[in-house]
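Let's take a walk through this fold, one neighbourhood at a time. Keep the model open and follow along.

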Amino acid sequence: MEYEYKVGKKLEMLRDYEAREMLIEKPRLRNLFIEVTSRCNARCEHCGSSCGEKIPKDEIETEYLKKTLKEVADAYDASEILLNITGGEPLLRKDLFDIMQYAVDLGFRWGMTTNGMLINEKIAKKIKETKMDTISISIDGLKDTHEKFRKVPGSFDKILEGIKLLQKNKYIQVIQVTTVANKKNINELEDLYKLMLDIGIKDWRVVNCDPIGRAKKNDGILLEPDDFRYLFKFIKEKNDEGKISVTYGCSHYLGVELEHTIRPFYFNCLTGLSVASILSNGDIFVCPNVERRPELIQGNIRKDSFVDVWEHKYEPFRKKRVTQNEKCRKCSEFKFCGGDSFHTWNFDENKPNICLKEMLKEE
């Protein structure tokens, strides 16, 4: 797969792995995740951040977030950077829309990942006022399965009501539903597909549950090889029908035979190259799903300049990229994979916890 990559004023067509090598030499911030809180009103079995109810004492103050956004907008073209607002549950932060209005005034675009339970008329109005571009809402099974998986009885119908409310107003460019495929819902994908059609969803993102956060402690929810084969066959078949877009996302490298049939791009973990994050305690980091080891934290916006950190640090994710070992480097597809995803890399044993290319070729 090829795509346009801007070098100065010139557009060049590059393969994904070539673009990755170029970004290692000269990173370009394009996606900034802001984890506005670690609080959540659900207790999802797969939560990578193991979020909870209490307001942490170190939750980042509004003034530091605004200061950092201004710094980034002054240093770069804010219109080329998408702010991905996440949590916890972002809508639990009372000054969320104040922060986002400030960001929009600086020229940023923004989207949000939410469990959807708090969307109502008031929230929908604020979403419209702050010009949200995209929203991803979680549905992890049919009613009973979803509510048991997320530990919130009665939440399913509220989520559907919220989706319909946003659709009615027609001001968000993309209303996406995300489903985390796991052992408890893999057999409901066909019925979920029918649900997506019934409620008018055009963009459905289906990703697998990974062994991170709470999922490492919950036995029996991770997919096995035959589950993955079914999942990718399902995604391909539904896309071929052409009724809605069903995507897998960027979770893992699948191997050259599967990549171009499952998604419109090849796998490329760009964390630290075009992707960065500000965690709920102000730490400067990469993709929020990556294990939050002290040696991987790059700074904190309370005391460090985000732009300075972005331009001069991130060494483990760039030239001394840690997602590789001798076995990976000898693989014929290493240049495409790069060691797979940082978020499932085993830093203690220096190996990937998941290699779907190897898993899927096993009989």
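Leaving aside neighbours within four places in sequence, which residues is Leu222 in contact with? They are Lys183, Cys209, Asp210 and Pro211, where contact means heavy atoms within 4.5 Å. Before going further, some housekeeping: this is a predicted model, in which local features need pLDDT of at least 70 and side-chain atom pairs count only at pLDDT 80 or more, while totals for chains, interfaces and linings use all residues. Residues are numbered from 1 along each chain as its sequence is written, and side-chain values use heavy atoms, with hydrogens and water left out.

Back to Leu222, which sits in the loop between strand 8 (203-208) and helix 8 (225-241). Helices (H or I, at least four residues) and strands (E, at least two) are DSSP runs, numbered from the N terminus. Leu222 has a relative accessible area of 32%, so it is partly exposed; buried means under 20%, exposed over 50%, and partly exposed in between, using a 1.4 Å probe and protein chains only. From Met112, Leu222 is 110 residues away in sequence and 26 Å away in space, C-alpha to C-alpha.

Now for some helix packing. Two packed helices are described by the angle between their axes and the distance between the axes. The axes are lines fitted to C-alpha atoms, for helices over the stretch in contact, with angles running from 0 to 180 degrees between N-to-C directions. Helix 4 (residues 121-129) packs on helix 6 (residues 155-169) at about 40°, with the axes 10 Å apart. Helix 4 and helix 6 are therefore oblique to each other; angles under 35 degrees count as roughly parallel, over 145 as roughly antiparallel, 65 to 115 as roughly perpendicular and the rest as oblique. Helix 4 brings Glu121, Ala124 and Ile127 to the contact, and helix 6 brings Leu165, Leu166, Lys168 and Asn169.

Helix 2 (residues 62-75) and helix 3 also have axes 10 Å apart, but here the angle is about 15°. That makes helix 2 roughly parallel to helix 3. Among the contact residues are Leu65 and Leu69 of helix 2, and Ile99 and Tyr102 of helix 3.

Not counting residues up to four places away in sequence, Leu166 touches Ile119, Ala124, Ile127, Ile135, Ile137, Tyr171, Ile172 and Ile175.

Helix 5 (residues 143-150) has Thr145, His146, Glu147, Phe149 and Arg150 as its buried residues, and these pack against strand 6 (134-138) and helix 6.

Just after helix 5, Lys151 takes a positive phi of about 60°. Lys131, in the loop between helix 4 and strand 6, has a positive phi of about 55° although it is not a glycine. Lys170 likewise has a positive phi of about 55°, and is found in the loop between helix 6 and strand 7 (174-181). Elsewhere, a cis peptide bond joins Gly87 and Gly88, with omega about 25°; Gly88 lies in the loop between strand 4 (82-86) and helix 3 (96-106).
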